[in-house]
Amino acid sequence: MASAPKPRVKVPKTASAGEVIVIKTLISHEMESGQRKDKDGNPIPRKIINKFSCVFNGQPVFSCDLDPAVSANPYFEFSARVPESGTFTFTWVDDDGSVYTDEQSIKVE
Amino acid sequence: MTLSRRRVLMLAAGAAAIPALQLFPGSSFAAAEDVAKMMADFSGGKEPQTGKITLTAPEIAENGNTVPISVDVDSAMDGADMVDAVMILADGNPRPEVATFHFTAMSGSAAATTRMRLARTQNVIALARMADGSVYMDKKEVKVTIGGCGG
């Protein structure tokens, strides 16, 4: 919980041209909803990942606007059409402005 | 039933009877008007139709802190037949909004899976807005036995 958010993505290593693949992503993050109180009764401020996006060779593939009702360690599974070899870039944005990214290449054969 | 449960829960809130559930504020839960307003804003006032979108959610959630849900919209995701966005709402949480998925021509299919928090038994609502402006809806009731636990 005290350590930096760590992204983990699962993308197939290869695909045929035009194939639709499944991508799974996870990032460790408490997603503090802003609804909890600490032991003295003070509200714990909201601090969540509020945006996730996936881009392939510069083209947007999928994105999500997250609200506090998304569970801790936000998980997404979605699909992507793969026209050619290239790189998927994943981005997570925190309420506090921090940006976390990960990348995965795929080869079309 | 909703009101008396709400009163009991409000009394319990001070005693932190349900301590760790992230969504439990001890004040009010999502009002029906909030849900209706969010749906209208998303759909541009259009009445949602049934069909095309399927929301998958468990009948019973063992842990209200992490409930897996999936949406799938029957669309070629090609040319004019495209899904613009899918919005997920929970009508019994402190705030109804959960997440909004944005799809593109590169998505391949308008389908996504995530995990959400549910404060109590309630309906999860999924709305799909198509590129032509039409809106489709699916809804599932999820029973929450233990509204979250642990840290």
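Me: In which loop of chain B does Asp78(B) lie?

Reply: This is a predicted model, in which local features need pLDDT of at least 70, side-chain atom pairs count only at pLDDT 80 or more, and totals for chains, interfaces and linings use all residues. Residues are numbered from 1 along each chain as its sequence is written, chains are lettered from A and ligands numbered from 1 in the order in which they are written, and side-chain values use heavy atoms, without hydrogens and water. Strands are DSSP runs (E, at least two residues), numbered from the N terminus, and helices are runs of H or I of at least four. Asp78(B) belongs to the loop that links β4 (67-73) with β5 (83-90) in chain B.

Me: Is Asp78(B) buried or exposed?

Reply: Buried means under 20% relative accessible area, exposed over 50%, and partly exposed in between (1.4 Å probe, protein chains only). With a relative accessible area of 52%, Asp78(B) is exposed.

Me: How many helices and strands has chain A?

Reply: Chain A has 0 helices and 8 strands, and its pattern along the sequence is β-β-β-β-β-β-β-β. Along the principal axes, its C-alpha atoms occupy a box of roughly 60 × 20 × 20 Å.

Me: What share of chain A is buried?

Reply: Of its 109 residues, 42% are buried.

Me: What do the contacts in chain A show about separation in sequence?

Reply: A contact means heavy atoms within 4.5 Å. Among contacts in chain A between residues at least 6 apart in sequence, 58% link residues at least 24 apart.
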